[in-house]
Structures are given as structure tokens and as C-alpha cells.
Amino acid sequence: MTDGFINLNKPAEMTSHDAVNIVRKIFGTRKVGHVGTLDPAAVGVLIIAVNRATKFIEYLADCDKTYRAEILFGTATDSGDLEGKIIREENFSMPPAEKLNAALKNFVGQIEQTPPKFSAIKINGRKAYDLARKNVDFEIPRRVVTINRLEILDVAENILTLEIDCSKGTYIRSLAVDIGESLKIPSTLKFLQRTRVGDFFLENSVTVDELKTSGEKFLQPIENCLAHLKIFDLPENRTKAFLDGLPTTIQEDDALVKVYSAGKFLGVGKICAGELCPAKVLRD
């Protein structure tokens with residue numbers, strides 16, 4: 001069976017689901033999923049899981065991400081990006097660097113933000129963007145996210161370009177709008193490129209055309225994509241027990257681990273209260 005993760009460089013105007021369907025056709029399997037949704041207008045790193053790798057998506061979902069974002073000042077839209085309807089336009093002067101830096105400092109660390117109404121967040125079982133398109137009145141709960149770094153890359157006449165390191169669940173569209181509001185200038189996201197998800201970097205990504213030409217060449221082994229997890233070597237006589245879902249008594253600190261036996265990757269285990277319990281196993 002062909003398993004693994006693909007570091008796909010998603011082009012603009014392709015949905016994350018479109019990317020999954022393309023990979024399904026290339027590899028001839030229905031068992032394909034993605035790690036973290038990337039808006040259709042956004043480009044860059046989209047991790048695709050193939051076959052048994054889909055079982056391990058959850059261990060990559062929590063990884064931090066890096067984005068390159070262009071914020072357009074002077075214009076606000078109902079979606080927070082240029083895909084939406086313009087709701088406000090205003091003449092302004094770009095604030096000096098000192099004022100921009102002072103404003104950005106307020107967005108570093110743990111912050112609260114409200115995700116856009118045009119998003120895939122579920123509201124009473126329905127996607128928010130479906131409700132928004134039907135002009136249904138609803139509220140999206142605020143959430144706490146973490147911005148680890150906000151760096152100014154360029155300042156143009158009406159565009160501020162940033163590089164952003166952030167936690168999962170961060171909406172860069174919301175950040176773009178909130179930064180504008182803090183400066184009392186309408187703003188919207190003009191361009192978004194995801195350059196990193198965990199240990200997956202844009203410079204090592206593959207295009208759709210490359211994938212169509214040499215699909216299996218670009219599959220990364222499951223265990224190689226879980227570098228953030230500690231390795232645990234399981235005695236060979238406990239291999240079958242682990243694969244059968246049975247715990248093993250050990251003397252180790254609590255942790256989530258990659259489990260190997262005789263050099264072979266078996267899956268992910270959870271060490272808790274002196275026991276190693278299987279979380280996800282990789283059967284032949």
C-alpha cells in the first residue's frame with residue numbers, strides 16, 4: 001500500500017477539497033485527507049495525507065504555521081479579503097514605522113480574535129459561509145490564538161507585508177482586519193501565502209503538475225513527518241500486543257511518542273501513569 005504525506009504547493013483558486021480530489025485521482029485511492037484548510041484564494045503549503053497516513057493527521061494539526069500576508073489599507077470587505085464585497089473605503093496616509101510597530105506589538109502573544117463569517121467554521125451544524133451567503137444573522141464565538149512573531153517585510157503606499165508565525169486556528173484575515181481597526185484604518189487581506197506547517201516548508205513543496213508526473217516520488221514516510229514526537233523503542237516481544245491495542249507497563253515520563261520495534265515504525269503511543277497505550281497503530 002502507498003502511504004505518506006505530500007507537501008503540496010496549493011495554487012490560487014483551488015480549494016483544499018479540490019486538492020484532495022486531485023490526489024485521489026493520482027494515487028487511485030479514496031483514503032486522502034488534508035491537514036488544515038487553506039482558503040481558495042490563498043497559496044502555499046497544504047499537507048496531504050494518503051492512505052494510512054490519514055490516521056495520523058491529528059498529530060500534525062497542532063503544528064505552528066508561518067504565513068506571508070499582504071494587508072491592503074483603505075478598503076474593508078465583508079469577508080476580510082478581496083473575495084468579498086467592499087463595505088467601506090477611505091482615504092488615509094500610511095502610518096510611520098514607529099506607529100506600525102507599536103500597533104503590531106499588541107498582536108504578539110496570546111490574543112483573542114473573531115473568525116470571519118465567511119469561513120468553514122460550523123454554527124449549529126452548518127458552515128458559517130453558507131449562512132453568510134444567505135444573509136442569516138449569526139455570531140461566531142471569539143477564540144484565543146497565539147501569534148509567536150509578526151515581522152514587517154515591506155511597507156508600500158497602501159500595503160503592509162508581514163511574516164507571521166502563529167498557532168493552529170489563527171485566521172490571518174481576522175488579523176488583517178483587526179490590525180487595521182487598531183490603526184483606525186479600514187483594511188482587508190490582499191494576498192496570503194502559507195510558507196510553513198510544522199516541519200513542512202514551501203521551498204520543499206511540490207506543484208500539482210509535478211505530482212501528476214511523479215506522484216509516489218513526493219510521498220514522505222509517515223514516521224518522518226512526526227519529528228516533533230519523541231521516539232520510543234518497544235521490546236520485540238511486545239510488538240503484537242501494541243498492534244492489538246494492549247498496553248505495556250514501562251518506566252517512562254508521560255508523553256506522546258513514536259513507537260518503533262526492531263527499527264520498524266509501529267505507530268503513535270501515549271505514555272501515561274507508567275503504561276504505554278496504543279493511540280494509532282500502523283498495521284501491514
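Mentor: Start with a pocket lining: that of the second largest pocket divides into seven nonpolar, eight polar and eight charged residues. Ala, Val, Leu, Ile, Met, Phe, Trp, Tyr, Cys and Pro are nonpolar, Asp, Glu, Lys and Arg charged, and the rest, Gly included, polar. The model is predicted, so local features need pLDDT of at least 70 and side-chain atom pairs pLDDT 80 or more, while totals for chains, interfaces and linings use all residues. Numbering runs from 1 along each chain as its sequence is written, and side-chain values use heavy atoms, without hydrogens or water.

Trainee: How much space does the second largest pocket hold, and which residues are closest to its centre?

Mentor: Rolling a probe the size of a water molecule over the atoms shows where empty space is left. Here a pocket is an open set of points on a 1 Å grid over the protein atoms alone, reached by a 1.4 Å probe, with protein on both sides within 12 Å along at least five of seven lines; lining residues have an atom within 4 Å of a point. Points join across faces, edges and corners, and the volume is that filled by probe spheres set on them. The second largest pocket has about 400 Å³. Of its 23 lining residues, Thr-77, Gly-80, Val-177, Asp-178 and Glu-181 are the closest to the centre. H5 provides the largest share of this lining, six residues.

Trainee: And what is the volume of the largest pocket?

Mentor: About 1200 Å³. It has 42 lining residues, with Thr-37, Leu-38, Asp-39, Pro-40 and Arg-173 closest to its centre. Elements giving it two or more residues include helix H1 (16–27), strand S4 (65–73) and helix H5 (172–182); S12 gives the largest share, five. Helices (H or I, at least four residues) and strands (E, at least two) are DSSP runs numbered from the N terminus.

Trainee: Which residues of H5 are buried?

Mentor: An α-helix has 3.6 residues a turn, so residues three or four places apart point the same way. Buried means under 20% relative accessible area, exposed over 50%, partly exposed in between (1.4 Å probe, protein chains only). In H5, the buried residues are Ile-172, Arg-173, Ser-174, Leu-175, Ala-176, Ile-179 and Gly-180. They pack against S4, helix H3 (97–105), strand S7 (109–113), strand S10 (143–155), S11 and S12, where contact means heavy atoms within 4.5 Å.

Trainee: Which side chains make polar contacts with Asp-165?

Mentor: A polar contact is a pair of N or O atoms within 3.5 Å; within protein, one must be able to donate a hydrogen and the other to accept it, and sequence-adjacent residues count only through two side-chain atoms. Asp-165 lies in strand S11 (residues 159–166) and is buried at 15%. Its side chain pairs with that of Thr-66 at 2.5 Å and with that of Arg-149 at 2.9 Å.

Trainee: Where do Asn-51 and Ala-273 sit?

Mentor: Most residues other than glycine have a negative phi. Asn-51 has a positive phi near 55°, in the loop between strand S3 (43–50) and helix H2 (58–61). Ala-273 likewise has phi near 55°, in the loop between strand S17 (264–272) and strand S18 (275–281). Asn-51 is buried at 8%, whereas Ala-273 is exposed at 71%.
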